[in-house]
Amino acid sequence: MVNGLKVKTGPQFYLYEEGGISKVSDLLESYGAKRVLITHGTVSWEKALPKLVFLNDETIQFFYHRYSGECSYAEARRIATIIKENEIDFLVGVGGGKLTDLVGYSANLAKINFGVIPTLASNCAPWTPLAVMYKENGQAEGKTEHFYRQATFFITDPQLVIDSPVPYFIAGLADTLAKWYESELILEQDFLQDESFLKLAQDTAKICKEEILNHSAKAIQDMAQRKLTSEFKQLSEIIFAVAGLVGGLGDKYARNAAAHAMHDAISKYIPESHRFLHGEKVAYGIFYQLALEGRWEKIDELYPLYQELELPVSLEQMGLFPKDKQIIDKMAEFIDSKEKVHLIPIEVTKKSLIQSMMELEGYIRKI
C-alpha cells in the first residue's frame with residue numbers, strides 16, 4: 001500500500017447534452033449564488049452566448065470579465081481582486097482549457113465556489129483541480145498549481161463543442177492518449193498492485209487509449225462536417241471528462257510523466273513552440289517518453305495514427321530542434337527536476353534524457 005494517495009474524482013455535477021446549459025440556473029440556485037462573475041474569452045464567448053440562458057435570471061446580479069488569454073498568476077490575482085471588490089459569491093468560466101484552469105485557480109485564491117462551461121474538447125482542464133501556469137507573454141512558467149477545491153459543476157453542450165476548431169479536438173485526442181502511455185509502466189509496478197483506485201485509473205486510461213485508436217478518424221471526420229454523431233460525442237467526452245478521471249483516481253501515479261515534462265520544457269525554453277497547441281507538443285512528448293523507455297515498437301505502432309492525424313513526431317519535423325546545445329542541456333535539467341519523471345521504473349538521468357532526445361530524432365528520420 002502507498003501512503004498519501006489523494007483521490008479527487010471530479011466536479012460535483014457533470015452534464016454533457018444538448019440544452020444542458022439550461023441547468024446552470026438550478027445549480028446556481030442550489031448554492032445560493034446572488035452575485036456571479038462570468039469570466040470568458042472572445043470568439044468562444046460569442047458562440048456560447050445564445051446558449052447561456054441562465055444569464056436572464058433576474059434574481060442574480062451578473063458581472064463580466066474578459067480574461068487576458070493566459071492562465072497567469074497576474075490574471076488570477078486580477079480576478080481575485082474583482083471578486084473581493086464586488087463581493088462575488090460564485091465564479092463561472094466559459095471558454096477553453098487555459099480559461100478553465102484560470103477560473104479554478106482564481107476561485108481557490110478567493111475561496112469561493114466555481115463552475116465551468118467548456119467550449120472546446122482540447123484537454124481535461126475543465127475536470128481537473130489543477131492549473132498549468134503561463135506568463136502574460138504566453139511563455140510557460142513550467143509550474144502547475146494543484147488545489148483541493150473542485151468545480152461545483154461542469155456543464156456544456158455538444159452543439160457548442162462541435163462548433164470549435166478541429167485542430168483543438170485533434171490536439172485533445174493526443175493529450176488524452178498520453179494518459180495511457182505516461183502511466184502504463186508506472187502502474188504495472190508490483191508495489192502498486194493492491195491499490196484499488198490505481199487499478200481504476202489504469203482501466204480508465206486504457207479506455208481512453210482504445211477508444212481513440214478505434215474511433216478518432218471517424219470522430220474527426222464527423223466534427224469537420226459538423227455531424228453530431230455518437231463517435232464525436234463519446235471522444236469529446238473522453239477528452240475533457242474521462243481523461244480527467246485518470247489523474248483524479250491515480251494522483252501522481254497516473255497524472256503525467258515524461259511526455260508532459262517534455263511539453264513543459266519545450267514551452268519554457270523554445271519560444272517558437274508557442275505556435276503549437278498543448279496536445280501537439282504532448283504528442284511529441286509521448287514519442288519521447290517511449291524512446292526514454294526504449295519501447296521503440298510502440299512508436300512504430302502509433303506512427304500511422306500520428307500520420308493520419310498529422311501530429312508532430314520529432315522536434316526536427318516541428319522546426320524546433322535547438323541549435324544551441326545549452327538549450328538542450330537546460331531542457332534535460334528541467335525534465336530531470338520533475339518528480340513525475342522519476343516515477344517511471346527506469347533509471348532517468350540528465351544523460352539519458354539527452355540521449356533519448358537525440359535517438360528519437362535519428363529514429364524518426366529512418367522511418
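Leaving aside its neighbours within four places in sequence, which residues is T119 in contact with? This tour of a predicted model begins with that residue.

**First stop: T119.** Select T119, which is placed in the loop between β5 (113-118) and β6 (130-134). Setting aside residues within four places in sequence, its contacts are S44, A48, V94, G95, G96, L160, V161 and S164. T119 has a relative accessible area of 3% and is therefore buried, since buried means under 20%.

**Second stop: L120.** Now select L120, which also lies in the loop between β5 and β6. The relative accessibility of L120 is 16%, so this residue counts as buried. Apart from neighbours within four places in sequence, L120 is in contact with G95, G96, V161, S164, P165, Y168 and F240.

**Third stop: the annotated residues.** Select G97, K98, L99, T100, D101, T119, L120, A121, S122, T128, L130 and Y134; an unreviewed UniProt entry annotates these residues as "binding site". Of these residues, T100, D101, T128 and L130 are included in the lining of the largest cavity.

Is F147 buried or exposed? Its relative accessibility is 7%, so F147 counts as buried. Not counting residues up to four places away in sequence, F147 touches K8, G104, Y105, N108, P129, L130 and A131. To finish, select L109 together with F147: the two are 38 residues apart in sequence, and their C-alpha atoms are 9.6 Å apart in space.

Notes. Residues are numbered from 1 along each chain as its sequence is written. This is a predicted model: local features need pLDDT of at least 70, side-chain atom pairs count only at pLDDT 80 or more; totals for chains, interfaces and linings use all residues. Side-chain values use heavy atoms; hydrogens and water are left out. UniProt positions are given in the numbering used here, feature names are shortened, and annotations may be inferred rather than shown by experiment. On a 1 Å grid over the protein atoms alone, a cavity is a set of points where a 1.4 Å probe fits but cannot get out, and a pocket is an open set with protein on both sides within 12 Å along at least five of seven lines; lining residues have an atom within 4 Å of a point. Helices (H or I, at least four residues) and strands (E, at least two) are DSSP runs, numbered from the N terminus. Buried means under 20% relative accessible area, exposed over 50%, partly exposed in between (1.4 Å probe, protein chains only). Contact means heavy atoms within 4.5 Å.
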